[in-house]
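Hello,

Here is the structure I promised to pass on. My notes on what turned up follow below.

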Amino acid sequence: AQPTHSWTGTRILTVANQKGGVGKTTTTVNIAAAMARAGLRVLVLDMDPQGNASTALSVPHQSGTAGIYDVLVEGTPMAEVVRESPTMAGLWCVPATIDLAGAEIELVPLVARENRLRRALHAFLEEQSADRAFDLVLIDCPPSLGLLTVNAFVAAREVLIPIQCEYYALEGLSQLLKNVELIQQHLNSELRVTTILLTMYDARTRLASDVAEQVREHFGETVLRVAIPRSVRISEAPSHGETVITYDPVSTGALSYTEAAAQMRQQKGSA
Ligand code: ADP
Ligand code: MG
């Protein structure tokens, strides 16, 4: 059958790992910015109450700002809360405020509580005219496997897992994969882990290369060939309300995220 919606080709990835500090948010905003710089229309959904993705994209997210909380809990249409990042044309964001911290509990008694993000996102994508269709949606998850992350898994088609190249890197990964499998079985049969990205890679240490080798052995082509190096410029960029793509475009961090985005565009089956 021919695609019937302008958004049939939209890639929807959730960036997940229940460990904190592995590079989920950094990966979300920098892949998003690199894709937007390459001319794609990109939407970032900030699902972490910390709102770090919103900060990096310079999208206001102080308490009381309308954002993803209103979409999930109040049923506010996504079109009313989406903002274009002032840092880059074609890069849009639904911000997260600290109110989202309560959503994990407030969602529990709601009807179709696992489907609320999916419904809102799909309705929003469907109402875009063909010339404003989004090419890519990236969902930044909180460091837990609660209802917010479940909503992200149900709304997405693909999972992107950032793995920090350190000793406990693989710990918790089997739990994450088991959760993805449960989601596939019960809530979203099309969900696939398509992309693994090695982050904070320090080429000087034996440990990092050992972890990288182990991950590649286990996950094969799912692992992007480029690894993101540890880079001060990457960690500085958010405090300037920027991604490293605009903050220091020629830094190794910017170049490696740009390469990761390019490799993602070449993945089998990607539009
Ligand atoms: P998560 O979203 O998984 O909790 P973050 O993306 O917030 O992780 O990253 C955790 C911390 O590590 C942040 O302070 C971030 O700036 C820093 N960081 C992430 N990636 C890199 C990198 N490649 N080089 C240096 N610092 C990084
Ligand atoms: Mg984060």
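Helix H1 is largely enclosed by the rest of the structure, because 14 of its 14 residues are buried (20 or more other C-beta atoms within 10 Å of a residue's own, with C-beta atoms placed from the backbone; 12 or fewer is exposed, in between is partly exposed). Helices (H or I, at least four residues) and strands (E, at least two) are DSSP runs, numbered from the N terminus.

Provenance: this is a predicted model, where local features need pLDDT of at least 70, side-chain atom pairs count only at pLDDT 80 or more, and totals for chains, interfaces and linings use all residues. Residues are numbered from 1 along each chain as its sequence is written, while chains are lettered from A and ligands numbered from 1 in the order written.

Just after H1, Gly39 has a positive phi of about 105°.

Leu138 is among the residues that touch the most other members of the largest nonpolar core, which has 82 residues (buried Ala, Val, Leu, Ile, Met, Phe, Trp, Tyr and Cys joined through C-beta atoms within 7 Å). Neighbours within four places in sequence aside, Leu138 contacts Leu13, Val15, Thr28, Ile31, Ala32, Val42 and Val44 (contact: C-beta atoms, placed from the backbone, within 7 Å).

Two loop residues deserve a look. Ala112 has a positive phi near 50°. It sits between helix H4 (100–106) and helix H5 (116–126). Ala112 counts as exposed, with 9 C-beta neighbours inside 10 Å. Met200 also has phi near 50°. Its loop joins strand E7 (192–199) and helix H8 (206–219). Met200 counts as buried, with 22 C-beta neighbours inside 10 Å.

Best wishes

Methods
Two residues are in contact if their C-beta atoms, placed from the backbone, lie within 7 Å.
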